Amino acid sequence: MVHKLTIYPERKKNQIHREIYGHFAEHLGRCIYGGIYVGENSDIEHTNGMRNDVVEALKELRIPVLRWPGGCFADEYHWRDGVGEKKSRKRMINTHWGGVIEDNSFGTHEYFELCRQLGCKTYINGNLGSGTVQEMSEWVEYMTFDGVSPMAQWRAKNGHEKPWTVDFFGVGNENWGCGGNMTPEYYANEYRRYQTYVRDYQSGRRIQKICGGPNVDDYVWTEQVLRTCFAHPRGSGHGFMDGLSLHYYVHPEGWEIKGSATDFDVRTWYKTLCKALYMDELISRHGEIMDRYDPEKNIAMIVDEWGTWYTCEPGTNPGFLYQQNTMRDALVAAVTLNIFNKHSDRVRMANLAQMVNVLQAVILTEGKHMLKTPTYHVFHMYKEHQGGTLLVDELDVLRIGPDDNAVPNLSESVSMDRNGVIHATIANLSVEEGYELKVTLAEETVRTASAEILTGEMNGKNTFDEPDHIREEAFTRLQVISGEVHLCLPPCSVVSLHLTSGEQQAEKK
Amino acid sequence: MQRREPPLDIGRTAGGKEVSNEDGFTGNGFANDGYVENRSVEKEAWAVEQSRCKTCFLREQAEADHTETIRLYVSNLDAEMKVDPGEYARRLEKCGRCGDMSQGVCMQCGCFVEMRAAVNIRHCPKGEKCW
């Protein structure tokens, strides 16, 4: 059977916001410390304490935005502890993650330096759970006020005279759980109060305020938070928020015993992908509730924690959430990013958990060594979607896998960039089967086609001994014949296809 | 990310079979001491150090389940995978003097050092010349 993908270049939908390809770095395990920040006295090559190897690799992904400092850590983080002379910064135990000492050597100034090096937007998550309105308000003042004020003067005294730009500000994190165990009504009222004092000090710039949304399928939370935020005649047209967050993790065998990152069978492969595909239903159903309050889609859905979560690597601190990354993770990333693209009229930011050394990381480090995971390569292959225009497409698929965890054999999304180049990302979810695929452009012909591929055995991974076992490669098993692209998708693969259209019939490429 | 206590059966496989070798280990619930309230930075640092000595191995800490975890892990390692006692002691002696160890965890790799050092094919994440 030959599958057919039809792309409609003239049926343009919305823009795919770059921030869908965003990342998340928490003070957790070795994400920040050791993975990104090694300090100014490290033997590892660095620039102002940031590992050069990691920053360079991340820049290749065109990181659009980075969320920090948490996560659960955010609702216990007191920003004043992380500014000023490093030797006098408070030392404390990170009670959430691993119980190791947090010396606050990475704080506000270091975060903005990292974002400067990455060239990305900033997303600060404030402390509503255990912080005060004043603390949150003064943090915003410290970061963004340009003029004479106590906070701005303190910032200057600490070495940064000019204000930074805060693009996004999260008002609390998971306040249904680790952020205070609040009810939705209580949180929403607190949100309304706290966000009032997240002020815009810079003319022409608005801080995008993100309200704490639901965990997985807690539709009651979404409904009641929105109802409370939209209540009262003085309420703004968008419920005092620019975004509402959603968190969803894939743990194949459930929360208590999540399952190994590398040692799994075919049944677990499909179970994992089935759980990843659940993201589509979550976005749709939470989106339906948002549509009732915000039919114009002014409020973005921000999936600011997503990814796989397995049992930690044997012998490592369980609180560090360090896990390996295989082709299974690559497929989870591929299908999830395709879902985000297709829902990009509502989903306008997403942040993979997490950037380095934690959960579904794109980079792992061990001492001075660094490797790019299969997930890294998917983000690299999908980067052409950033800022593109979503196109309508049609793809015929088969249901494969066990009956209780059946999945479509193929997943795809298509966009057009500003130069008119069409980018299609296609994932083959089958462990055993390859598929022939014919790609056509409605009412147009394909002039040129090129592609990259990521493929390997289902539990194939990169290690510090073999860091390039799974890597992106040029894909040559495709032909342009009579204005159509014919390609053979190997099992367990992700392909990024780039097409230009034209009236001329193309020769075999 | 919702904070949860590390599951007690973190070392079990998906099927519930307990493993006690390189495939996994039995984890533990960390007794979190929490933020240490003190008026001065020096006192805070002192209090933290008192409650969790940065250079302690797991066996020197209060949580008995750490000790048992290590004992089981090391004792169940296949003989051909295990370093000899002399080499084990040499490795741990170096770890004990390393500034990258915190509460028995190597901050360069995230491993419990007493477990990592027991495996002959493993080496110090800072370089093989160390061990």
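Analyst: Let's start with a term: two strands pair if DSSP finds at least two bridges between them. Strands here are DSSP runs of E with at least two residues, helices are runs of H or I with at least four, and both are numbered from the N terminus. What you're looking at is a predicted model, where local features need pLDDT of at least 70, side-chain atom pairs count only at pLDDT 80 or more, and totals for chains, interfaces and linings use all residues. Residues are numbered from 1 along each chain as its sequence is written, chains are lettered from A and ligands numbered from 1 in the order in which they are written, and side-chain values use heavy atoms, leaving out hydrogens and water.

User: How do you know that strand 8 of chain A and strand 9 of chain A are paired?

Analyst: Count the bridges: 4 of them join strand 8 (residues 121-126) to strand 9 in chain A, and at least two are required, so they pair. The two strands run parallel. A:Ile124 stands opposite A:Phe169 of strand 9 of chain A.

User: Which strand does strand 9 of chain A also pair with, over 4 bridges?

Analyst: That's strand 10 (residues 208-211) of chain A, again in the parallel sense. There, A:Val171 faces A:Cys211 in strand 10 of chain A.

User: Which way do the residues of strand 9 of chain A point?

Analyst: A:Phe168 and A:Gly170 point one way, A:Phe169 and A:Val171 the other, and all are buried. Buried means under 20% relative accessible area with a 1.4 Å probe and protein chains only, exposed means over 50%, and partly exposed is in between. In a regular strand the side chains alternate between the two faces of the sheet.

User: What makes A:Cys72 and A:Cys178 a disulfide?

Analyst: Their sulfur atoms are 2.2 Å apart, and a pair of cysteine sulfur atoms within 2.5 Å is a disulfide, so they qualify. By this rule the count comes to 1 disulfide over all chains. The torsion about its S-S bond is about -95 degrees, so it is left-handed. The partners are 106 residues apart, A:Cys72 between strand 5 (65-68) and strand 6 (92-93), A:Cys178 between strand 9 (168-171) and helix 5 (184-196) of chain A. A:Cys72 has 0% relative accessibility, so it counts as buried.

User: Why is helix 1 of chain A called oblique to helix 2 of chain A?

Analyst: Helix 1 (residues 52-59) and helix 2 (residues 108-118) of chain A pack at about 50 degrees, with axes 9 Å apart. Angles under 35 degrees are roughly parallel, over 145 roughly antiparallel, 65 to 115 roughly perpendicular and the rest oblique, so helix 1 of chain A is oblique to helix 2 of chain A. Axes are lines fitted to C-alpha atoms, for helices over the stretch in contact, and angles run from 0 to 180 degrees between N-to-C directions. A:Val55, A:Leu58 and A:Lys59 meet A:Leu114, A:Gln117 and A:Leu118, where contact means heavy atoms within 4.5 Å.

User: What makes strand 23 and strand 24 of chain A edge strands?

Analyst: The open sheet of 10 strands runs 23-22-26-20-19-16-1-21-25-24 in chain A, with mixed pairing. Strand 23 (473-474) and strand 24 (478-481) each have a single partner strand, so one side of each is left without a neighbour in the sheet. Within chain A, strand 1 (residues 2-15) and strand 16 (residues 389-395) pair in the antiparallel sense over 6 bridges, and A:Lys12 has A:Leu391 as its bridge partner.
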